[in-house]
Each structure stands twice: as structure tokens, then as C-alpha cells.
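I opened this entry to keep track of what I looked up about strands and helices. The structure comes first, then my notes.

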Amino acid sequence: MVSPLNFLRFAFFLVLSSHSTFAQDDEFLYDTFPEGFLWGTATSAYQVEGAWNEDGKGEGNWDKFCHAGGKIKNNDTGDIACDSYHKYADDVTIAKSLGVYHYRFSLSWPRILPIGTKDVVNQAGIDYYNNLIDGLLAEGVQPMVTLYHWDTPQALEDIGGWRNPDLVQYFNDYARLCYTEFGDRVKLWITLNEPWVVAWQSYGLGTNAPGVYSPDVGAYLVGHHMIKAHAEAWHTYDKEFRATQKGRISITLDCSWQEPYSNKTEDVEAAERSMQFKLGWFANPIYVNGDYPETMKDRVAGKSQSEGRNESRLPEFTDDEKRRINGTHDFFGINHYTTDLVEDYPRGNEWPSWDYDRDIQTHVDPTWPLSGSAWLYEVPWGIRKLLVWIRDRYKNPEVIITENGVSDDAQHYGSLDDQQRIRFCNGYINSVLKAIRLDNCTVTGYTLWSLMDNFEWTDGYGSTFGLHRVDFSDPNRTRVPKASVEFFRKLIQDNGFPAPKAE
């Protein structure tokens, strides 16, 4: 008798075998990355810094969200995290030891502007980031600086956060201050990290800070304001700082690859639609024409009308705003971790929301290896397909992968011998190499998440993505290298996967 699990696996095999795949997917490519390829690793402020109320830092939205209790696994908080506010020199040391070109980290808006506006500037916060930047440069590591990685000053959250259009100007004031204070040494800037996560998970579902539930209109409104905030921050750099500082600036978007569940036309169209609703939501305005994808506008407008609304739940940009937004990029920053199988699934009006507006249902292949995170399956070929999709939809822009990585699975959690991470990186990075060498994608950098175990948002300290283990019960928060450190160091030294030498 065939077990239900084996039957399910067989069924998925039949589905997956019908997909068009790259001929070289099953073959490991021995080759190197282009000369000057940018290797890096990353963290973000709230996830590593700690010192949540020290030296004049203001309260942030994640401070309040975590302190409320019941929101985070084990009621963990980022109050201390990796204590990078006091141990940044250790972070510089381990980043240097990897041989990376860049270390991507974010600035804490409430650490620099405690109440969110330029009325109160915290010099101690500026000093901290100056010390970190100078320390990195002294060791030959370039800072890649993200202005916003989800930590909004609570004072601004109290007036609506990203639902309030005034945040466009407040963010621009903050960005200008950061360019002024740090831009003489920072040559790679990211305005916003993963605005989709903020729009949908923070203000749509309310599962992330600040915990606002508004899946029908709130998520779209927040996305609208964040796109405009990015554009203004980009223009400010371009007009006031680029000529003298000579840096580059863009946004980082995130996307799982959306693979059709079958080769049926409906599923193929659904997968494309899902890509446009996820990545296109933000990429189309910035990289194409200043406006949302047509399929997104049409579908949300149609559903809004059938719900009895007088206007679409998706806001509209004016012609002037479209012109202002279009082209506000110097490269394409992308974060990628996993893949979904997408099936066409009409949802009707049962739950007005970004999720159901897509009219899809997602699946995973049960044979895909699962990480230590419920959402993250190991699917190396997905990143290659994503890069080809970006190449074809956005005129082959320069792409910098600003995050890719994996959490330790149950077998490797707490272990220094993280063979699962090595396998994951080997497969994903080789797929990136294929995208460059075989598909002519313009990928110029890869950033591994993360430099060390840290506070993983609603998973608390239960998901560990680090190249270095951190014992969060140890007051010293010592960073201990895992086996993947040596793997990644050698990969960087070799600039890829040179062919094995003949015996």
C-alpha cells in the first residue's frame, strides 16, 4: 500500500516534471564570478544593536511592539540582542575575517532622531555609526548602509506611521541628515529594506510592528507612501550629494520566486500575476514607468467596484508623481530566500486584501528541504529564475543581491557544524553564477544573511541565520564561527567555483 506521504510526493513529482527548467539546473557549474564582484554579509539595527534606551536613543516601533508581550516567540525582545552597540568592534573583526568587500547594516532612525524629526538630533547615535563606519574602512570593508530596516520612531508611529503622508518628508529629512553625516565615506546606500514586508505584514496583517490590521486599504496606502519616500530620498541624494560624495543609492525589494503549479495556462498566468503583485508592486513604479503594474491596477479596481466602493483600494499616482518616481535607482537591490508553487484560485470578495486580490493559492513541494523557519524551503533554482525574470521585465538592470541565506534547521540548530547552510549557499550561489554566465544577467554582488545569529523578528531568537553563533544567554554575546565561515571565506577568495585541478 502506498503511504499518503509517498503518494503526495509522487503527485508533486508529476506536477514539477511538467515545468520548463533550465537545462543546466542539475549540473554544477565550475566557473568564477566576474572580476570585481561584490561579496558581502549583512545585519540590521534592531536585530543586533541592543541598547534600546541608551545614550539618548528614542523608543522605536519594535521596542513598543516587543515590550507589549505576546507578539514574539518566547516574548523575546531586541533590548540587548547581539549588543552590537557596545561590541561593534567585534563585528568589524569578524566581517574582515571573511574577506568581504562590504558589510551591509542599517541605521536606527530613532537612535539618530529620537522623536523622528530633525528637531532633536542625538549626537551619540551619530557618533556610534561614525565609529562603525570608520572601523570598517580601516579594515578595508566598505559600508553598505540601509536607511530604514523597519524600525520607525514610535513618536512617528503615534501619528499613524507609514499611513501618514507626512512620513515622506520626515524620512527625507532623516535621509538628508544621514547623507550629510556619513556620505563622505559611504558609497553604497539603500533607502528602504523590503517595503512589502512593512506594507503587508506590519500594516496589513499586523503581525509585525506596529501591529496594524488593515488588509484591504492600509497595506496599499503604506506601500504608496513608502514608494514616494524612497523617490524623494533618492532625488535628495542625486541633487544635493552625488556630485561630491560619488556614491550610489537604490531600494531593496524582496521576492520569493513564483513557480507555476502546473503548465496549465491559468497557473502560468497566476504565477506571473503573483510576481507583479509582489515584486512589481514596488519595482514597476521605480524601474518601469512610475506606476503600478496594469494587472494590479485592473484587478484591485475591479474587486473594489464589486465590493461597492466608489474608488479603487489601490491609490493612484498623479502624473507628476509618476515622473518623480520613475528611474529613482542606481541598481536593483533584491532579497531572496525561497520559492512558492502558484495555482490559479479565484477568491471573489470573501476577504478584501492584498493577499486575496491576487486570486492565487500557493503550495510547496514536500521534497524541498525545510529550514528552521516555517516559510523557508531550500530551492536553489528559484533564485536563477528570479534573476532571469528581473532581466526580462526590467531591461537587465545591474542587480545586487542584498540578502540571501538560511536559518539552521532542527538538526543543526545550536551547532557549529552548519552543513545545511553550506549546502544551501553552495546551491544558491552556484545558481547565481549560472544566471550570470549562462543567462547573461547583470548581477554584480551577493550579500549573505547574516553575519551572526540575531533577533529574528517574531521568531525571536528561535531562528538562527548567522555565519557566527551567538549565545544569547551569555552576557558577553561572544561571536563563534560556524563551519560556514570557512566555506564562505574560501568562496570569496576563489571568487566562485574554479574547476578542480586534475590529479
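The notes below go from the barrel to its last strand, then to the helices and a further set of strands.

I noted first that the model is predicted. I then looked up the strand order and found eight strands closing into a barrel, β2-β3-β4-β5-β6-β8-β11-β12, with parallel pairing. Neighbouring strands of this sheet are turned by 25 degrees against each other on average, direction ignored. I reminded myself that strands of a sheet pair through backbone hydrogen bonds, either parallel or antiparallel.

**Entry 2, strand β12.** Which strands does β12 pair with? I found five bridges joining β2 (residues 38–42) to β12 in parallel, and four bridges joining β11 (residues 399–404) to β12, also in parallel.

**Entry 3, β6 and β8.** I looked at one more pair in the barrel order. Strands β6 (residues 248–254) and β8 (residues 332–335) are parallel and share three bridges. D254 has N335 in β8 as its bridge partner.

I returned to α17, which lies across β2, β11 and β12 and runs at about 170 degrees to β12. Of its 19 residues, 15 are buried, so I recorded α17 as mostly covered. Its span from first to last C-alpha is 27 Å, close to the 27 Å expected at 1.5 Å a residue. Helix α18 (residues 483–494) lies across β2 and β12, at about 155 degrees to β2.

How do α4 and α6 lie to each other? The axes of α4 (residues 84–98) and α6 (residues 123–138) come within 9 Å and cross at roughly 10 degrees. Angles under 35 degrees count as roughly parallel, and α4 and α6 are therefore roughly parallel to each other. The contact residues include Y85 and Y88 of α4 and Y128 and L132 of α6.

I found β9 (residues 339–344) paired with β7 (residues 257–260) in the parallel sense over four bridges. With β10 (residues 360–363), β9 pairs in the antiparallel sense, again over four bridges. L341 of β9 stands opposite E259, and L341 also stands opposite H363 in β10.

Conventions: Residues are numbered from 1 along each chain as its sequence is written. This is a predicted model: local features need pLDDT of at least 70, side-chain atom pairs count only at pLDDT 80 or more; totals for chains, interfaces and linings use all residues. Side-chain values use heavy atoms; hydrogens and water are left out. Two strands pair if DSSP finds at least two bridges between them. The expected span of a helix is 1.5 Å times one less than its number of residues. Buried means under 20% relative accessible area, exposed over 50%, partly exposed in between (1.4 Å probe, protein chains only). Axes are lines fitted to C-alpha atoms, for helices over the stretch in contact, and angles run from 0 to 180 degrees between N-to-C directions. Angles under 35 degrees count as roughly parallel, over 145 as roughly antiparallel, 65 to 115 as roughly perpendicular and the rest as oblique. Contact means heavy atoms within 4.5 Å.
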